[in-house]
Amino acid sequence: MKSYHADERGYYGEFGGAFIPEMLYPNCEELRQNYLSIMEEPSFKEEFHQLLKDYVGRPTPLYFAKRLSEKYNTKIYLKREDLCHTGAHKVNNTIGQILMAKKLGKNRIIAETGAGQHGVATATVCALMGIQCVVYMGEIDIARQAPNVARMKMLGAEVRPATSGSKTLKDATNEAIRDWINNPVDTHYIIGSVVGPHPYPDMVARFQSVISEEIKNQLQEKEGRENPDYVVACVGGGSNAAGAYYHYLDVPEVGIIAVEAAGKGVDSGESAATSALGKVGIIHGSKTLLMQTQDGQITEPYSISAGLDYPGVGPMHAHLYASGRGEFISITDDDAMKAGLELCKLEGIIPAIETSHALAIFEDRKFNPDDVVVVNLSGRGDKDLQNYIDYFKL
Amino acid sequence: MNRIKQKLQEDKKILSIYFSAGYPNLDDTVKIIQDLEKSGVDLIEIGLPFSDPLADGPTIQESSTAALKNGMNTSLLFEQLKDIRKTVSIPLILMGYFNPVLQYGVAEFCARCEEIGIDGLILPDLPLDVYKEEYEDIFKKHGLINVFLITPQTSDERIKAIDDASEGFIYMVSSASTTGAKQGFGSEQSDYFNRIASMELNNPQIVGFGISNAETFEQATQKAKGAIIGSAFIKHLTVNGVDGIGDFVKQIR
């Protein structure tokens, strides 16, 4: 049977692999050789699940959004990742990877961050484990995400500005990779999304797959069936989406909907809609769809949401797009902001702007009244208050 | 015979110089190559600039970014180099990241290299297994040597596999680092240099990363066949432009 999971060499169809310089080969190879067996160890599983339960607060609820459902005349469930400790799904992965790093005997952690959510989630687990933590963050992002920079510092992490290139997420990722090249023995690099060289996309997807595993059980309880008709998630790099889709990837009757950031419009020149605008290429060690010039230079995306502001997309998602397994929709800044505010008013939940993109599809994408549509509510909007304030002049 | 292989047969230590095409000025490429040859350099690595050079330190990042701002791109570089063989006979290698080559089309890229008289490629993020499965035939068809990297962390087993896949030379990265000058080489490097020398590989090794002056060149080439200078030469270009390339080379040997 055709599978939408990674194969042994880390390929999703033609996408994925490990396009890395030799300097990174030993690090990635060590991880590749060990990640599956470590994840299978009973002691690892036990500690991972214990922490997800007692520290992160899992399982997160699957909430039937009654008023939202009424408005759009379909059955909408929200998977409440916004209720995770640190405010988003990111921590599922950082818990997994910090335990992985310990098993591999690493005593120093590096990470990249855009808006700071993954940086905070990494700093959090490093504090929890008493491990040194360095987070790379674009100089421009540091300036516009001051509260998250302060959080990371309070948690004991060192925040290093990435001053190269465009000084945003992709450059922070470059700097983290350079750090790893310079510290190949004692350091583990916690990548925050389903991007990067094999085995990262698969490993991160596995850690995030707790989301779809819980959805299955919770839906069984609420609807008497494990499978929804659709799973909807926003996609930047795509980690929350990978987690929400994971157990449904090879279940053809479950529709997969991926929502990208159109920014000011897909053709405006200020967009992050990678599936629409990207071509096959190599970014951060992975063969995937990415936004680039004709000459193969990686271009700078734009979205109001820092978490979707990435010029590539994880190889799993590139494959979902190319194969037609996933339905890709892009949502503008304006429509996302409107949908975010609507959720506040209808359900009393302030979503992250990333998530607001996923919520915005209901305006145009119609579902049947008895369709069960699960939207992954990947994060809460506290971090975005300033954006909401500025946008709505609150 | 491929010019690189021919050069490697000479009984001398190889001095290879790297620079970013299109830096400091867009049209400096040909002049830099000609002056490097006149100065007695043995091999030239022409850097194809990339927006996200993740194996490079600050100096080459900056020269790459500046070159792109100047307007450098793959087609333009080929255009600048189209008559290069009328004036120089030194072995020429193009070095860059894989994505721009992929976008140009690997087969077209290699064909263009052959037309111009390029002798080899260094694409650090094109992995060994992918090269062998998908691209080796194309490279060979166009007479291009593909140069692989090894580092102090590369296992003996993998070094042997790389040696088997190589023809020409092996690019020996001096330490676990990105490109750029270090404070000389310590005992860790000597151990590594000795270890590789004792493996008696089929291909000679040329050391790169962290070589910036006569002293580090001498240290690096005690066991290895040659050494590569990149960042230090780019710094020279930043200060002096294309003048005094001969003086820079004279300081090295």
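Good morning. I begin with chain B, where Lys7(B), Glu10(B), Lys12(B), Asp42(B) and Arg253(B) are linked in a network of salt bridges; a salt bridge here is a side-chain nitrogen of Lys or Arg within 4 Å of a carboxyl oxygen of Asp or Glu. By this rule, the count over all chains is 45 salt bridges.

A word on the basis of these values. This is a predicted model, in which local features need pLDDT of at least 70 and side-chain atom pairs count only at pLDDT 80 or more, while totals for chains, interfaces and linings use all residues. Residues are numbered from 1 along each chain as its sequence is written, chains are lettered from A and ligands numbered from 1 in the order in which they are written, and side-chain values use heavy atoms, leaving out hydrogens and water.

Let me turn to individual salt bridges. In chain A, Arg178(A) pairs with Glu175(A), with the closest N and O atoms 2.8 Å apart. Both residues lie in helix 8 (residues 169-182) of chain A, 3 residues apart, about one turn of the helix; helices are DSSP runs of H or I with at least four residues, strands are E runs of at least two, and both are numbered from the N terminus. Arg178(A) is buried at 5% relative accessible area, and Glu175(A) is buried at 17%. Buried means under 20%, exposed over 50%, and partly exposed in between, with a 1.4 Å probe and protein chains only.

In chain B, Asp35(B) and Lys38(B) form a salt bridge of 3.7 Å, N to O. These two residues are also 3 apart, within helix 2 (residues 29-38) of chain B. Here Asp35(B) is buried, at 13%, whereas Lys38(B) is exposed, at 70%.

Next, the strands. How many residues of strand 1 (residues 14-20) of chain B are buried? The count is 7 of its 7 residues. Ile14(B), Ser16(B), Tyr18(B) and Ser20(B) point one way, and Leu15(B), Ile17(B) and Phe19(B) the other. In a regular strand, side chains alternate between the two faces of the sheet.

Strand 1 of chain B pairs in the parallel sense with strand 9 (residues 226-229) of chain B over 4 bridges, where pairing requires at least two DSSP bridges between the strands. Leu15(B) has Ala227(B) as its bridge partner in strand 9 of chain B. Strand 1 of chain B also runs parallel to strand 2 (residues 43-47) of chain B, joined by 5 bridges, and there Tyr18(B) is partnered with Glu45(B).
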